[in-house]
Amino acid sequence: MLEKTVFKHQVGITLIELLATVLVLSVTVALVAPTMHGTLMSNQLQTETVRFIDAFNLARSEAVLRNAAVSLCPSKMSSTGLAVCGGTFDDGWILFTNVDRKPSFSPSTDEVLQVFSPIPSGLRLTNSVGDRAVGGIITFLPDGSSRRNLSLLFCAIGSPSLASQRVVLNSVGRARSIKGDTQCA
């Protein structure tokens, strides 16, 4: 009796096909990764700029709503839990009522309204020329004004080609952003 041999067709990929696919994938990733990093940093820069402007707008509206001075100051409260003004805005900041309008938080009279986390690593907030970090207090009065003009610059560290984001606060308390008008140092 003759036996009939049936060959089944194997389904799968060969080693050469697998290597060709891996090669095409790695070349694609190598070409796209630098562009993707720039896009991610640009989005993060925009997000932090909007977060800072939102803090200004919240301080202004709270000052008008409460008919009292409201201030922003740099603080590490998000990591330490202590409401102490000091350092730079890169470390985070707090929004608080500033009843006595002193240049710092007074636990006996002031109330913390919101705590903001630090600016992500890879970004920095500097003065308008980009040569030093920003500290100090920013106060909004009951009429919503800040009575000071202020220009701050968000920069991506190590990415000089990436457009900066400027935050401008005018004396009547209006905050706005300007993209890419200054190169970061």
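I counted eight aromatic pairs. My rule pairs rings of Phe, Tyr and Trp (its six-membered ring) with centres within 6.5 Å; planes under 30 degrees apart are stacked, over 60 edge-to-face, the rest tilted. The model is predicted, so local features need pLDDT of at least 70, side-chain atom pairs count only at pLDDT 80 or more, and totals for chains, interfaces and linings use all residues. Residues are numbered from 1 along each chain as its sequence is written, and side-chain values use heavy atoms, without hydrogens and water.

I looked up Phe52 and Phe89. Their pair is edge-to-face, with 5.4 Å centre to centre and 90° between the planes. Phe52 sits in helix H1 and Phe89 in the loop between helix H2 (77-80) and S2, so the pair ties together parts 37 residues apart in sequence. I took helices (H or I, at least four residues) and strands (E, at least two) as DSSP runs, numbered from the N terminus.

Is Phe52 buried or exposed? Phe52 is buried, at 0% relative accessibility. Buried means under 20% relative accessible area, exposed over 50%, partly exposed in between (1.4 Å probe, protein chains only). Phe89 is buried too, at 1%.

Next I checked Phe52 with Trp93. The ring centres are 4.9 Å apart and the planes at 80°, so this pair is edge-to-face. Trp93 lies in strand S2 and Phe52 in H1, so parts 41 residues apart in sequence are tied together.

I then noted one aromatic cluster, which includes Phe116, Phe140 and Phe154.
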